[in-house]
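Hi everyone, thanks for coming along. Have a look at the picture first, and then we'll start.

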Amino acid sequence: MIVLRVGRNDPCPCGSGRKYKKCCMLKDIADNQSDKSDVIQSESKKQKSPRSDEIENNINRATNLMEKGEYEQSARVFRSVILMDKDNYKAITGLGKCLAEMGMSEEACKCFERALEINPNYSQAKLSLAFYDKTRFVTNG
């Protein structure tokens with residue numbers, strides 16, 4: 001089996017015409033890190049709680065709403081998940097993304113920080129915090 005690797009300065013394989021490092025590299029790194037942390041989390045929790053299917057369905061629903069630009073409704077669903085599982089770092093990160101899109105970057109950063117307290121390796125929260133913290137710094141300074 002031949003595995004082709006994309007160099008950071010190569011054209012992005014998505015066809016955008018930009019360099020890989022300026023286009024999809026961060027997303028690919030985040031996806032890879034997220035997959036690893038998801039495997040670690042799932043192995044550490046062998047027993048499923050009775051509400052885990054409901055929580056997973058609600059996270060998927062909220063993510064779909066967020067992708068459609070329905071941030072307020074998505075935030076409500078993420079909040080309902082957090083009420084069921086206060087340490088659900090994925091829902092907390094999702095809520096943070098919704099808040100950021102609604103212009104509440106301070107609250108969003110608090111969500112990302114909370115998600116990282118729960119799971120310090122969750123790359124989506126790390127990337128989001130880095131992006132919105134930078135935005136907060138630029139707009140305030």
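Now take R76, which sits in helix α3. Its relative accessibility is 53%, so R76 counts as exposed. Please also keep in mind that this is a predicted model.

Now the overview. How many helices and strands does the protein have? There are 6 helices and 0 strands. Reading from the N terminus, the order is simply α-α-α-α-α-α. The protein has 141 residues, and 33% of them are buried. Its accessible surface comes to about 9600 Å², with 52% of that belonging to carbon and sulfur atoms. If you take the contacts between residues at least 6 apart in sequence, 40% of them join residues at least 24 apart.

Which residues of α3 are buried? They are S74, A75, V77, F78, V81 and I82. Looking down the axis of α3, you find these buried residues within an arc of 165 degrees, so they line one face of the helix. On the other side, E72, R76 and L83 are exposed. And what covers the buried residues of α3? The cover includes α2 and α4. Here is one distance to find on your screen: R76 and L95 are 19 residues apart in sequence, and their C-alpha atoms are 8.4 Å apart in space.

The buried residues here are S52, I55, N58, I59, A62, L65 and M66. Down the axis of α2, they fall within an arc of 145 degrees, so they too line one face of their helix. N57 and E67 are exposed on the other side of α2. What do the buried residues of α2 pack against? They pack against α3 and α4. After α2 comes G69, with a positive phi near 85 degrees.

The largest nonpolar core has 27 residues, and the members that touch the most others are I59, F78, A91 and L95. Which elements give two or more residues to this core? They are α2 (52-67), α3 (71-84), α4 (89-101), α5 (105-118) and α6 (123-140). The largest share, 7 residues, comes from α4.

Leaving out residues up to four places away in sequence, F78 touches I59, A62, T63, M66, K90, A91, G94, L95 and C98.

Last stop: the charged side chains. Side chains of opposite charge can pair when their charged atoms come close. This structure holds 4 salt bridges. R51 pairs with E54, with the closest N and O atoms 3.8 Å apart. Are these two buried or partly exposed? R51 has 42% relative accessibility, so it counts as partly exposed, and E54, at 39%, is partly exposed as well.

Another salt bridge joins K86 and D87, at 3.5 Å from N to O. K86 counts as exposed at 58% relative accessibility, while D87 is partly exposed at 33%. Then R114 and E117 meet in a salt bridge at 3.4 Å, N to O. Both of them lie in helix α5, 3 residues apart, which is about one turn of the helix. E117 is exposed, with a relative accessible area of 57%, and R114 is partly exposed at 30%. Finally, K86, D87, R114 and E117 are linked in a network of salt bridges.

Note on methods: Residues numbered from 1 in each chain as written. Predicted model: local features only at pLDDT ≥ 70, side-chain atom pairs only at ≥ 80, totals over all residues. Heavy atoms only, no water. Core = buried A, V, L, I, M, F, W, Y, C linked by side-chain atoms within 4.5 Å. Buried < 20%, exposed > 50% of the residue type's maximum accessible area, 1.4 Å probe, protein only. Helix = DSSP H or I, 4+ residues; strand = E, 2+ residues; numbered from the N terminus. Contact = heavy atoms within 4.5 Å. Areas by Shrake-Rupley, 256 points an atom, 1.4 Å probe, with all protein chains shown as cover. Salt bridge = Lys/Arg side-chain N within 4 Å of Asp/Glu carboxyl O. Arc of directions from axis to C-beta.
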